[in-house]
Amino acid sequence: MTVTMPSQNGAPRVVLSARGLRRDFGGFTAVKDVDLDVYHSRVHALIGPNGAGKTTVFNLLTKFLQPTHGTITLLGEDITNTAPDKVARMGLVRSFQISAVFPHLTVLDNVRVALQRPNNLATQFWKPLSALEALNAKADQLIRSVGLDKERNAIAADLSYGRKRVLEIATTLALDPKVLLLDEPMAGMGHEDVGMVAEIIREVARERAVLMVEHNLSVVATLCHHVTVLQRGEILAEGDYAAVSEDPRVRTAYMGTEEA
Ligand SMILES: Nc1ncnc2c1ncn2[C@@H]1O[C@H](COP(=O)(O)OP(=O)(O)OP(=O)(O)O)[C@@H](O)[C@H]1O
């Protein structure tokens, strides 16, 4: 069942929220008292220095890790005690979860394989030809939506690093996530690819929520509507990039300098 909070007076609706999230590892608290609201059609950045707890928060939200305290709500349903595979089926998908890109398959075949995962129409391969045609149409639509049309018949292994990451995003989108979690999507990319992937994420977020861990602050500044800064497992600041980057605590604690 999909329950979404009504978007009254056009305000974006919360699709994923966490309250009082905490995770202890033995005597060490990696995440403490984290409240988070992620909105439909918004790109939300989770930033912070190494060891701040970003990956742990991702693992808690996707239920790879169980919180020590706190609650998590997805599309109006409490998922605090829900298994990770069910959470993914409900629409909260982390890119690497299903983004196994097969290097020797073409772009088209990679997307078709992704579309054949559970919950997608093509699992019913015994269905008539019309189902197969619908699959092909859906694959082409996905390929177009991430701008891989020209590489449609290229072998995945022959794609540039940046285009491979885009193919990864396309295979993730095949599950039709309502909330997409991206872990450093720009990592290891050159300037040109960063711009291209940022445009794709912007486009992808029109119809879903995106929460991303990102170290590239110029990407965060231009792409993200909302920024949460973590430090030592706790929220240090949040707001839009302008507000967060003006915050003296962020400048000194996260960026290490008043000049950031
Ligand atoms: N399974 C674990 N057992 C013990 N400590 C852990 C475990 N996972 C994470 N930690 C600790 O929790 C803290 C937060 O780690 P986490 O990986 O969430 O940070 P991060 O912000 O993602 O860092 P980075 O930017 O370096 O990836 C770190 O001090 C880390 O050593």
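**Entry 1: Thr56**

I started with Thr56, which lies in helix H1, residues 54-61. This is a predicted model, so I kept an eye on confidence as I went. Is Thr56 buried or exposed? Thr56 comes out at 13% relative accessibility, and because the cut-off for buried is under 20%, Thr56 counts as buried. Next I looked up what Thr56 touches, leaving out residues up to four places away in sequence. I got Arg23, Phe25, Ala30, Val31 and Leu65.

**Entry 2: Val213**

Then I went to Val213, in strand E8, residues 209-213. Val213 has a relative accessible area of 2%, so I put it down as buried. Which residues does Val213 touch, not counting residues up to four places away in sequence? I noted Leu46, Lys54, Phe58, Leu182, Asp183, Glu184 and Pro185. I also checked the spacing to Pro185: Val213 and Pro185 sit 28 residues apart in sequence, and their C-alpha atoms are 7.9 Å apart in space.

**Entry 3: H4 against H6**

Helix packing next. I picked helix H4 (residues 107-115) and helix H6 (residues 161-173), which pack at an angle of about 30° with their axes 8 Å apart. That angle makes H4 roughly parallel to H6, because angles under 35 degrees count as roughly parallel. I wrote the crossing of H4 past H6 down as right-handed.

Which residues make the contact? From H4 I listed Val107, Asn110, Val111 and Ala114, and they meet Leu167, Ala170 and Thr171 in H6. Sorting the residues of this contact gave me five nonpolar, two polar and no charged.

**Entry 4: the whole chain**

I found ten helices and ten strands in its secondary structure. How many of the 260 residues count as buried? The figure I noted is 48%. I also looked at the contacts in the chain with a separation of 6 or more: residues 24 or more positions apart account for 62% of these.

Last, confidence. The chain averages a pLDDT of 87, and 86% of the residues score at least 70. I flagged residues 1-6, where the pLDDT is below 50. Beyond near neighbours in sequence, I see ten contacts for that stretch in the model.

Definitions and conventions: Residues are numbered from 1 along each chain as its sequence is written. This is a predicted model: local features need pLDDT of at least 70, side-chain atom pairs count only at pLDDT 80 or more; totals for chains, interfaces and linings use all residues. Side-chain values use heavy atoms; hydrogens and water are left out. Axes are lines fitted to C-alpha atoms, for helices over the stretch in contact, and angles run from 0 to 180 degrees between N-to-C directions. Helices (H or I, at least four residues) and strands (E, at least two) are DSSP runs, numbered from the N terminus. Angles under 35 degrees count as roughly parallel, over 145 as roughly antiparallel, 65 to 115 as roughly perpendicular and the rest as oblique. A crossing is left-handed if the near helix is turned anticlockwise from the far one by less than a right angle, and right-handed if clockwise. Contact means heavy atoms within 4.5 Å. Ala, Val, Leu, Ile, Met, Phe, Trp, Tyr, Cys and Pro count as nonpolar, Asp, Glu, Lys and Arg as charged, and the others, Gly among them, as polar. pLDDT is the predictor's confidence in each residue, from 0 to 100. Buried means under 20% relative accessible area, exposed over 50%, partly exposed in between (1.4 Å probe, protein chains only).
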